[in-house]
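Subject: Structure handover

Hi,

Here is the structure for you to look over. My notes on it follow below.

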Amino acid sequence: MKYIINILIIIFLLLTNVHSQDIKKELSELKTLYETGVLTKEEYDAAKKIVSEKGYKEKVIKSKKIKKIEENKTQIEIVKKKKDNEINQKSRIEKRKIWNNKIKTALKNEKNEPFCKVVTKRKKDEKVNYCIKESDVLKLGYYEKLIPPDYILKEMMGCKTNACIRKKAGSKIFEYFVQRDEKYHAKYPGDIIKGMAWFEIFFLDKLKRNKNKINQYFEKSGQLNKAKQKNIYSLIQTNKGRIKMREALGFTVYDDMYYVMENQWLLGEFLNKDKLKAVKVDIGENMKKKKKLIEKYQVTLAKYKEKLEEQKKINENKF
């Protein structure tokens, strides 16, 4: 019995010795792979832990090959995306040139058109008439899928999709233009400018919702029912507000939306860097009354100016 046990112990020691020599040999080969740059330090340390496993070298080299293939694939995708963006950019520039020329042609053709008085509510002697001009519809532009800039994505944590950002644009406008008081805007004057950038996205969303009606306007040469005319008229009025915002900063209706937004955002960021201390000053009752009178005067003046413009156009068409 002792003899058998001794033989088994000898066999075990011999096998252990052989296995130990194999491990040393494999560790040596593994170190060579590390020193020649095939493996990184992290890969070398990880491989040492599994060196006793059968076929570990093949696994490591295979893993390295897979990683290299994935890196090449990622690089190819980056290059492809860059090329696609360049093609899209060229396509957008060409499309915008054609669109700009259409607006200019329409404006030229409308110079000699008779004066049209807008009537949004039916009166005794007048029918509803929205006086929709081709140039005003063309100025609406055309819907294209929004590619959210990085500064917008940072602002909208948790909202990354095109539809989500367009939907949130209305609430951001409400936040900047309605919820924030004078004291806040005195401290952060740039947020009003950022609100203008959000208005561009808000308008793009409205454009998407009404694109079928706009297409029908051109297909039917403006012959739409009153309900559809009303929708387009409302969109035109919104666009006029957007154009005024652009013109206040030196942009025009012809400028690219992304170019306008980027510059609006940069200006907003610049103005917000100079943080001012806002102090609320109470004004007396007399000053409050004067303020109300001035506001009423401005409204009356605007209406009077509008009537003068209408009369001027009527007189021009008589001769």
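I will start with a salt bridge. The side chains of Arg 246 and Glu 200 meet in one, at 2.9 Å from N to O. This pair links distant parts of the chain: Arg 246 sits in helix α10 and Glu 200 in helix α8, 46 residues apart. Note that this is a predicted model.

Are these two partners buried or exposed? The cut-off for buried is under 20% relative accessible area. Arg 246 has 1% relative accessibility, so Arg 246 counts as buried. Glu 200 has 2%, so Glu 200 counts as buried as well.

Glu 200 has another partner. Its side chain also meets that of Arg 242 in a salt bridge, at 3.0 Å from N to O. Again the pair links distant parts of the chain, with Glu 200 in helix α8 and Arg 242 in helix α10, 42 residues apart. Arg 242 is buried, as is Glu 200.

Other salt bridges

The count of salt bridges comes to 10. Among them is the one between the side chains of Asp 256 and Arg 96, at 3.6 Å from N to O. Asp 256 lies in the loop between α10 and α11, and Arg 96 lies in helix α3 (residues 56-109), so the pair ties together parts that are 160 residues apart in sequence. Both ends can be checked against the same cut-off of under 20%. Asp 256 is at 17% relative accessibility, so Asp 256 counts as buried. Arg 96 is buried too, with a relative accessible area of 14%.

There is also a network. Salt bridges link Glu 155, Lys 172, Glu 175 and Arg 180.

Helix α10

How far apart are the end C-alpha atoms of α10? They are 33 Å apart. The helix has 23 residues (226-248), and at 1.5 Å a residue these should span 33 Å, so the two values agree.

The buried residues of α10 include Gln 229, Ile 232, Tyr 233, Leu 235 and Ile 236. Further along, Thr 238, Asn 239, Arg 242, Ile 243, Met 245 and Arg 246 are also buried. What do the buried residues of α10 pack against? Their partners are α4 (134-139), α6 (162-179), α8 (190-209), α9 (211-219) and α11 (257-273). After α10 comes Gly 250, which has a positive phi, near 90°.

The α6 and α8 pair

The axes of α6 and α8 come within 8 Å and cross at roughly 145°. The crossing is left-handed. By class, the contact has 11 nonpolar, 2 polar and 6 charged residues. On the α6 side, the residues that meet α8 include Ile 165, Ala 169, Gly 170, Ile 173, Tyr 176 and Phe 177. On the α8 side, they include Ile 192, Gly 195, Met 196, Trp 198, Phe 199, Ile 201 and Phe 202. Charged residues take part as well: Arg 166 and Lys 172 in α6 are among them, and so are Asp 191, Lys 194, Asp 205 and Lys 208 in α8. Lys 172 also belongs to the salt-bridge network with Glu 155, Glu 175 and Arg 180.

The whole chain

The secondary structure comes to 12 helices and 0 strands. The chain has 319 residues, and buried residues make up 27% of them. Of the contacts with a separation of 6 or more, 66% come from residues 24 or more positions apart.

Best wishes

How values were computed:
Residues are numbered from 1 along each chain as its sequence is written. This is a predicted model: local features need pLDDT of at least 70, side-chain atom pairs count only at pLDDT 80 or more; totals for chains, interfaces and linings use all residues. Side-chain values use heavy atoms; hydrogens and water are left out. Helices (H or I, at least four residues) and strands (E, at least two) are DSSP runs, numbered from the N terminus. The expected span of a helix is 1.5 Å times one less than its number of residues. Buried means under 20% relative accessible area, exposed over 50%, partly exposed in between (1.4 Å probe, protein chains only). Contact means heavy atoms within 4.5 Å. Axes are lines fitted to C-alpha atoms, for helices over the stretch in contact, and angles run from 0 to 180 degrees between N-to-C directions. A crossing is left-handed if the near helix is turned anticlockwise from the far one by less than a right angle, and right-handed if clockwise. Ala, Val, Leu, Ile, Met, Phe, Trp, Tyr, Cys and Pro count as nonpolar, Asp, Glu, Lys and Arg as charged, and the others, Gly among them, as polar. A salt bridge is a side-chain nitrogen of Lys or Arg within 4 Å of a carboxyl oxygen of Asp or Glu.
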